[in-house]
Every structure is written in structure tokens, then in C-alpha cells.
Amino acid sequence: MSCFSRVILGFLIGLCVLYQCSAFEVDTNQTAWLFVNASEASGRKIPETLFGIFFEEINHAGAGGLWAELVSNRGFEAGGPNTPSNIDPWSIIGNESSLVVSTDRSSCFDRNKVALRMDVLCDRDGANVCPDGGVGVYNPGFWGMNVEQGKKYKVVLYIRSLQSVNISISLTGSNGLQMLATANIIAADVSNWTKTEILLEAKETNHNARLQLTTSRRGVVWFDQVSAMPLDTYKGHGFREDLSTMLADLKPGFIRFPGTCEWLRNAFRWKETIGPWEERPGHFGDVWMYWTDEGLGYFEFLQLAEDLGAAPVWVFNNGISHNDQVDTSSIAPFLQASHEGKEILDSLEFAKGAPDSAWGSVRTAMGHPEPFDLRYVAVGNEDCGKKNYRGNYLRFYDAIRHAYPDIKFISNCDGSTQQLDHPAHFYDYHVRYELSHFAACTFEISIVLQIYSDANTVFSLAHKFDHASRSGPKAFVSEYAVTGKDAGTGSLLAALAEAGFLIGLERNSDVVEMASYAPLFVNANDRRWNPDAIVFNSYQLYGTPSFWMQRFFSESSGGTLLNSTLQANSSSSLIASAIAWKNSKDNKNYLRIKIVNFGSNIVNLKISIDGMKQNTFQSLGSTKTILTSSNLMDENSFKEPNKVTPIKSLLENASVNMEDVLSPHSFTSFDLLIESTTLWIQRTDSNSKSSI
């Protein structure tokens, strides 16, 4: 064959390939029809608690995260109750010729006996002169303290010395050279432990600051319970403002807490997390391997739920962990009470009791005389199938239901495929863990039911409850997320699969009462689990695509589910729902259609809404919001926090009959503003939802 012939043949083959490719693209474009019945008769109220949040102390989510305390190991107890102890991350300013730092058990706090002893060997003059700036100790916080110009920080510490003292309390840069704020403690008599409070106002900004305690006066000084808190916390209750605002933006219907799988010796003991923070002994989380001072305790969790307008879900320890357990016959001594459940009854009285009751008065003393609205308890965490779970569960159930008949119980056991063999209002449905993520927790794989899996599996679980029994306990999907290579550290692919799953839960909200993503937070300096909804460091934060995906469902809890039917020439990659909701900000009614295109093809969508007149919707005020990106594995980061975030635009063709185009691998929401304000009267309480 001649060169010319080869060129012509190649050109013809190229044209053929080009034609086939173009034809393939046209042929693979899909068309889908969504029919929505918007008549009031077809609507069904969605539970107020359908979509919420789950907080667990993992990835330094609370200590060094949501809880705004800047000092790490403020009581010097992280090394345990024995001395000498590990005071990390506290470090020494000075050398052995000028300073000796140690610990002893001289504290005035019975449950926190360890204190820091500082033997100062130098002085302002004489043979051994202290260096400029003095000697002492400093604390870098949790990978740096965020100190911002013009903001105020309250420093509280306890001090003791047999001599007079002149101590400088300073916020400085990470090397101690940049002075951000400083004040002096000058006292002639601190021979007994003395509490000192100082308010520091920063004159400069440093996101990697530290707290220093220094002196240039010879003698022995003891320090204990050193705290530094910003004054501008969320609603003044000690929560980091920016992280709390992100939680508020989700408008959670509930908050599940505290979530734990430690050995019983390190389990969350609620009584040790209430009262004055100086008296809280703290504990070591042996799964995630770090210490928490319990500034974020039982009371604070209840307060956070109230601040967010969310129902608290108290997950209490039932004498079982993933590693050890207490036999049902021995559960009473474990609870340190005269009969089964007393410890838990005390926790309920603390939350719900009258201000003058035994434990209600403790709550009142902490500044909250009104009872908290605690209505849900989970008996244990991921314990179903353990030898003593059923027996322990029934002991707690009997004790609580007689004292608090309004409390609703959540069983750890899955009731989605077979009936529970014990009474419960809700069963906890999870999807299976990735074993590789849980080397720290040894447990019986056969009974683990978390929704942690690959994207295709999670998306397919959208239909999990389509044929579930409509009688008996309802489902609580307490932990779900796409994990593994599909998730990365928070990918678009993961968010789309989860969105499909949540649409399935929304459509089955007659049998699904609650659902929450996990984990909620990760400090970028201590990433123990991937992925997570919100990533932060001392001063930055961003939501992963999974966080933004959840924002699409922020109006669902308490809304009205409308009957909808989706038809497509290939519908396995599409799932949709429709709800009616009322915006508390503008007091207007909306119809929201959500649809996930999990496939790689463009979809031509035709929407037909029955039960409404042609001019029901207003174009001005109706919007379209889409979550997508150029690559399925795209993620957000500190450098590009908005790389994968929802994009909102006006919907000018809002009508009962609409056409639109769904991008491949996308999550789209249509919010149609309804002319009449008399349709679908929604929540009228203070927790009414508003738009994203």
C-alpha cells in the first residue's frame, strides 16, 4: 500500500472513530422523568430528629478542637496519678543551672493530686543571675495556640510558694520572642494554694503561640490547673466559635455522644466529667491513645445540644467494651451503686431532675437550673452479640423505664432483618467497619454493623429499608461514611454515595428515625481516621464534600416527604426525593427536589409536579444548588477549602413542569419558592429550619 493510500485510510479510520465516539456520547446521554405528587394528602411528616450529628473523642475532636481550652495537659495529670509523671507538652525555659522542674502529689485537688514543682536556682542579681525574660515553663497547646490581635483570653491557674512571688504570665510566639500579651502575678503570701485569674488582650496575632509562666526570683513555686480560654466562645459556653458554627449550619436534629470503645478502666464516667473543671480527673483514651482533661464533659454535651437546638442522645456505658465486659450478675458493683441502673438514673436526674433534686441541684450549681430535654438513651455502644449485652441491657431497661417512662431506648442490635429479642424503641443499624482502620479495637467482627464501606456499596444501601417491616422499633443509623480508597481524606465520590444513601433514608423515614455521619471532626495534626466531615487546626477549618453533602439535608428533619417516582432508561445511578419545608428566616414555603447522579453520563431531567397550579412557583427566590467537581476524587484542603462546595444559582424556569440537565457525578437540589404561605405548615418551634 502506498503512503498516500495509508494516509487516506488513516484519515477515514480517524473519521470513523471520531463519528463513533460522538455517537457514543450522544447515545449514552440519559433521559429521566421525575414525577412529584405535591398534594397535601400525599405528604408524610419526616421525624424532627432524622438527620443529626455524632460526636466522638477521636482525632482530637474535643480536646484541642471543639472545646476551646488552649492549654494541653492543664493539670499535669496526663502521665497518670503517680510521680514523677510525664508533663508533655509542657517544656522548660532555662537550663539545669537555673531551673529544676519536677512533679509531686501536693495539689489541693483530691482527684488531681499531681502538681508541677519549679525550683528556681537563679535570681535577679548575685552569682547566678537569671537570663533575660526569666526561667520557667511553657505550654504550646494543641499544636500551637491561636492568638488573635484584639481578642481577650482568660488565664486561670493555681499557685503556691513559701516565698513571695513575681510571676509573668505571657502569650508569646512559638519561640518565645514575640510578646503577644503579658501580665504579672505579684504576691507576698501564697503559702496556701491560691487561685489567680488574669485577662490578657493580644496586641498581635500568632496562630502558633504558646503560654509561658516565668520568673527571675529564686525559690520554689508550685503550679496546678493552668487554663487559658478565649472569651469569644460559642454562646459563651466554652465551645470554639468557628467549629460550632459549622455544626449549627447543619441544623442537626440530634447529637449523639460520647461514643467510645475503651477498656472499661478508661471508660467515660459521667460523674467524673461534671462540676468544677479543676476537680475533673480526666482520662486516657486507650483506643486513640491520648489524654483528655474532660473539659468537655456530660454537662457540656447537654449544653451543646441545647445550643444547637438538637435532641441529646446519651450513649452510656453498660459494663461492656470491645475488649472486656462485666457479667450481668456482677453489674451492680461495676456501677458502684446499690442496684442496677442507679448510676444511670443519677445521670438522668442530673439532666432532667428538678433544680432542688439531689443531682439536679448539681446541675443548678453549674449554672443551668432548667432541666435539659433528654429523651433518648443508647444502652452501650457497638456491643450487641457480646455475652452479657442482652442481660445487662434488660437490667438498665427495667431500672430506667420505671423511673423515667418518657425515655426512649436505643438497642445496639440490628433489627432491620430480624425481630429483636428485647424491648426497644430503636435499633442501631451500622454498615461494616473496614478492619484495617480498627487495629486498636479488638472486637467480634461478626456483630459489627457500621456503614463504613466503598462508594458503590454505600450508594446501593439507599434501598436497604425499602422493604423493612413498618412495625416495631425504628432504625437509628448512628454511624455511616464511605471509607477506604474511594474516600481518600474526603472525596466527592464518597459524598455522592452518601447522598444517595441519605436520600434512601429520607424516603424511608417512616422506619428510620435518626442518622449521623462519623467521624465528625479531625485535627489535621492528629488524623487517626479517614475521612471526616470537618478538618481543622488551631485557626483554620474546612468542610469535606461529605460535610457539604449533609447541608443539602439540613431542612429535611421535621419537613414533609412528598411522594415521588423516578423513571429513567438506566436508573441504577439515579435516586431522588422531594420534600416541602418552611424557611424560618423568611417564613416562606419551599418544595425541595434532591437528585443524585452517581453515574458518568449527562442526564436530561424532566420534572412534573402534580397537585399544584401552573403559577404556583416564583422564579424570583427559587434556586438550584449543585455539588460536583471535575474529578471524582477531588478534595478540599486548607489551601483550597472551597474546591468542592455547593454552587447556588437562580432557577428562572421554576414551574410545575421543568427540564434541566444533571451533570455526571453530581448532587443537585432544586428549591422552588411557593406562592402561598398556607401550604405544608411545618415546624413552628424555635428549631424551624432554613435554607442552605
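Helices and strands here are DSSP runs, numbered from the N terminus. With that naming in hand, you can find your way around this model, which is a predicted one.

**Stop 1**

Start by selecting lysine 235. You'll find it in the loop that runs between strand 14 (219-230) and helix 2 (241-249). Check its backbone: phi is positive, about 55°, although lysine 235 is not a glycine. Most residues other than glycine have a negative phi.

**Stop 2**

Now go to phenylalanine 257 and proline 258 and show the backbone. The peptide bond joining the two is cis, with omega at about -5°. Proline 258 sits in the loop between strand 15 (254-257) and strand 16 (283-285).

**Stop 3: two helices side by side**

Select residues 342-352, which are helix 5, together with residues 389-403, which are helix 7. Their axes are 9 Å apart and the packing angle is about 35°. The crossing of helix 5 and helix 7 is right-handed. Show side chains next: helix 5 brings Ile344, Leu345 and Leu348 to the contact, while helix 7 brings Phe396, Ala399, Ile400 and Ala403. What kinds of residue make up the contact of helix 5 with helix 7: nonpolar, polar or charged? There are seven nonpolar residues, with no polar and no charged ones.

**Stop 4: another cis proline**

Jump to alanine 518 and proline 519. A cis peptide bond joins this pair too, with omega at about -10°. Look for proline 519 in the loop between strand 24 (512-517) and strand 25 (521-523).

**Stop 5: a serine tucked away in a loop**

Pick serine 557, in the loop between helix 10 (545-551) and strand 28 (560-568). Is serine 557 buried or exposed? Its relative accessible area is 1%, and the cut-off for buried is under 20%, so serine 557 counts as buried. The backbone nitrogen of phenylalanine 51 lies 3.0 Å from a polar atom of the serine 557 side chain.

**Stop 6: an asparagine to finish**

Last, select asparagine 587, in the loop between strand 29 (574-583) and strand 30 (588-597). This residue is another non-glycine with a positive phi, near 60°.

How values were computed. Residues numbered from 1 in each chain as written. Predicted model: local features only at pLDDT ≥ 70, side-chain atom pairs only at ≥ 80, totals over all residues. Heavy atoms only, no water. Axes fitted to C-alpha atoms, helices over the stretch in contact; angles between N-to-C directions. Helix = DSSP H or I, 4+ residues; strand = E, 2+ residues; numbered from the N terminus. Left-handed = near helix turned anticlockwise from the far one by under 90°. Contact = heavy atoms within 4.5 Å. Nonpolar A, V, L, I, M, F, W, Y, C, P; charged D, E, K, R; others polar. Buried < 20%, exposed > 50% of the residue type's maximum accessible area, 1.4 Å probe, protein only. Polar contact = N/O pair within 3.5 Å; in protein donor to acceptor, adjacent residues only side chain to side chain.
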